[in-house]
Amino acid sequence: MSVTDEKIMLTSFNEAQARRALDLAREALDVEGEAIRKLSARLDRDDSVPRAVALMMACKGRVVVSGMGKSGHIGRKIAATLASTGTPALFLHPGEAAHGDLGMVTSQDVLIAISYSGESSELAIVIPAVKRMNVPVIAMTGKPESSLALAADVHLDVAVEKEACPLNLAPTASTTATLALGDALAVALLELRGFKSDDFARSHPGGALGRRLLTHVRDVMRSGDAVPKVKPDALLADALLEISHKGMGMTAIVDDAGRPVGVFTDGDLRRLIEKVQDFSKLAIRDVMHPNPRRVHPEQLAVDAVAVMEEFRINQMLVTDADGVLVGALHIHDLTRAKVI
């Protein structure tokens, strides 16, 4: 669509239509929000949620999620959320299950079957087959008296008073309620399993969160000859050469044991120039900053970022358990590693 065409479309969409569109959008959100609130309010009506969570906690295999149509789309998301939060899960298309994919299911699994009507013909074929394998079935329906609800070991009621669709036909509030309850189950399992942020990162290694949670200082620090360092009795001129050659905008000052006793940065040099006319004979110990900030190689890189941000510094020294200098870290190293 060209810019001109877009302007014509916006012009033909009058103010009354714009207000009506906004009203309809708000009404849809209100209906779906109310559906979730009412679903939450009736959780205490029975023990279905604790029983469902207990079945999945005890599962030795995987949680298999199945549903047809819109319920299938919701099921895929629930399975993905479970898998990424510590509960092995997969989605099984009920239509394909009857033609061989049922072989994915083992007697160690748990099945979550989703159908708002509870009368899905595709699931009606799957349920007897998995029941013969002694697979526990958790049904998510809006009809407690439906065939699927009655056949399940646990029934989760996701009934809504009305859909957000003005015609009360398109699955909207009902799919939102189902998805929300699926998220609630995943969160409960996450907490009960003791699932931590490191575990989450391991299942998301390609994302920004994975990089932040899996990257350690040792992975991005400069080491060996790339680390700028001089002895305390070195002249300031020698320290400046070290800063220039190593390209970190600073140098560590280390004692004979290799432990840092100070640091000198480009910023320190600029401030020194304002105060001293002739500093060619100065020793670095006379102008260094003692007790520099440092991190350990095994710390998360995001911890180093937090220290840098707190103290507004661009470089940090890395020391081992004995306090010996083993590396150096620049803010640019963290940027290149996409930690920040």
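**View 1. Lining of the largest pocket in the predicted model.** The lining residues of the largest pocket comprise 7 nonpolar, 7 polar and 6 charged, where Ala, Val, Leu, Ile, Met, Phe, Trp, Tyr, Cys and Pro count as nonpolar, Asp, Glu, Lys and Arg as charged, and the others, Gly among them, as polar. The model is predicted: local features need pLDDT of at least 70 and side-chain atom pairs count only at pLDDT 80 or more, whereas totals for chains, interfaces and linings use all residues. Residues are numbered from 1 along each chain as its sequence is written, and side-chain values use heavy atoms, with hydrogens and water left out. A pocket is an open set of points on a 1 Å grid over the protein atoms alone where a 1.4 Å probe fits, with protein on both sides within 12 Å along at least five of seven lines; lining residues have an atom within 4 Å of a point. The lining holds 20 residues, of which Val263, Thr265, Ile313, Asn314 and Gln315 lie nearest the pocket centre. Two or more lining residues come from each of E8, H13, E9 and strand E11 (315-319), and H13 gives the most, with 5 residues. Helices (H or I, at least four residues) and strands (E, at least two) are DSSP runs, numbered from the N terminus.

**View 2. The open sheet of 4 strands, in the order E6-E7-E8-E9 with mixed pairing.** Strands E6 (229-230) and E9 (289-290) stand at the edges with a single partner strand each, so one side of each is left without a neighbour in the sheet. Two strands pair if DSSP finds at least two bridges between them. E6 and strand E7 (residues 250-254) are parallel over 2 bridges, with Lys229 opposite Ala252 in E7. Helix H13 (residues 266-275) packs on this sheet, touching strand E8 (260-265) and E9, and its direction makes about 65° with that of E8. Contact means heavy atoms within 4.5 Å; axes are lines fitted to C-alpha atoms, for helices over the stretch in contact, and angles run from 0 to 180 degrees between N-to-C directions.

**View 3. The open sheet of 5 strands, in the order E2-E1-E3-E4-E5 with parallel pairing.** Its edge strands, E2 (89-92) and E5 (154-157), each pair on one side only. The twist averages 20° from one strand to the next. Strand E3 (residues 110-114) pairs with strand E4 (residues 137-141) over 4 bridges in the parallel sense, and Ala113 stands opposite Ala139 in E4.
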